[in-house]
Amino acid sequence: MAACGDGGDRGEDSILEPLCLPESSDGGPSSPSLQCPSLELLVCLFCSESFPVLQKDLLLKHLLMEHKLVIADVKLITDLPKYLLYWKGRFLEQPVTDFCSVIKTNSTGPVEKQEDYFLLCDVLLEDRLLREKLQQKRLEEVLEQQQKERDDSSFHRLCLFCSEEFTGNRSSLLNHMAREHSFSIGLPDNIVYCSRFLDTLQTKLDCLQCLYCEKTFRDKTTLKDHMRKKSHRRINANNHEYDCFYVINYLELGKTWEEVQSEDDRDLVDDNDDWSDWQAHPVSAVCLFCDHQSETMDHIYTHMKDTHTFDLHHLKAKLNLRFYQQVKLVNFIRRQIHQSRCYGCQKKFDSRVDMLQHIVSEGHVMKLPEMSTWDQPQYYFPTYENDTLLCTLSDSDEDNSEDTNHGEDIPVFAEDISNLRGLKQTSILNQLLKN
């Protein structure tokens, strides 16, 4: 979900897409961005403003700041210009509240300080069907393009690695590079927009860049020796610039080829297999102040307290923070640190290191600004989309209830069983057994 920065006067600090914390293990790739730059404009749903496709973040910021609307999972929308045009028309026909979930901020405060924010997401059937329709249309366009490339006999191109010339069908060039140069980008039938794909690779080679590790070298000979000796005769699978060239990435909404492939593999597994030895992949939480990670939440809280003298549990108890207030506080601190700004005094620094030194030397680690500074609706949205620390938060009452029960001496009175026969005769169990 898109997130917003701190205000108009600091627009350069706005964060419109969740960031990612460092991960201890290799995670799955994000969903492919399959929208190619076009001349279409992204129109505002409420006013006459419009933005180029490449300035999507400016549109998202405009919708949030000016119209208090958030579009969920924007990166999964296949054709954003058409998506926006559709909803602009619908909002002219009916009020936005007929389609969007309403998030009321400061709901317990005075009425004049309450604000309504709107969330447009695929929970609404109409929105989900629209997204699926756009996805299906894009898939049909891609398959049509692929068929044109298969039937195209005017293909003409030189090999990327030698001077051999190929005409006719693209598959002859791709098979040649795989056979003669051990460089394969996949089966020809799995590739679309082949000419643009080859142009992209040629540009990288012309810039003396390795196609796998993407390092740049001083001359062509050094690059050639590097790719040969290091066996870097393939593309970088983690570079999502290439995703739009593989048909499989268009098959299912919001899923990469790796996810689709893993589902296909699961279909082959016998349902009667024993899963008793299956272990969940551990999830690591990252410290608010450094890159330290821990798979145990208690350890990460202890680390922040011992290493940085930051006690989140103490702040929660002291300020009597509810769950969503804790969420906003964590997201606020994350964002300020990301922007190299002291969250205690709001002073901006040139680097994160200088800011952290200031927080420690000035004793601002446990100093928070006025609650009105961070208890704001934009901090509902995570600064880092994989922030596991948010999953460990809970209401104060839930945390204290268990401790309270253990701390009290509750007397236990033994049941009078002197007349055991009488108890058996009058017990409600007899009636239940009869029934």
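**Close-up views of the helix pair and the sheet**

**View 1. Packing of helices α2 and α3.** Helix α2 (residues 80-93) and helix α3 (residues 125-151) cross at roughly 145°, their axes coming within 11 Å. Helices (H or I, at least four residues) and strands (E, at least two) are DSSP runs, numbered from the N terminus; axes are lines fitted to C-alpha atoms, for helices over the stretch in contact, with angles from 0 to 180 degrees between N-to-C directions. The model is predicted: local features need pLDDT of at least 70, side-chain atom pairs count only at pLDDT 80 or more, and totals for chains, interfaces and linings use all residues. Residues are numbered from 1 along each chain as its sequence is written, and side-chain values use heavy atoms, leaving out hydrogens and water.

**View 2. Residues of the α2-α3 contact.** From α2, K82, Y83, Y86, W87 and R90 meet E126, D127, L130, R131, L134 and K137 of α3 (contact: heavy atoms within 4.5 Å).

**View 3. The open sheet.** Three strands lie in the order β3-β5-β4, with mixed pairing (two strands pair if DSSP finds at least two bridges between them). Because β3 and β4 stand at the edges, each with a single partner strand, one side of each is left without a neighbour in the sheet. From one strand to the next, the twist averages 25°.

**View 4. Bridges to β5.** Strand β3 (residues 69-71) pairs in the parallel sense with β5 (residues 115-120) over three bridges, and V70 has L119 as its bridge partner. Strand β4 (residues 101-105) runs antiparallel to β5, joined by five bridges; here V102 partners F118, and I103 stands opposite Y117.
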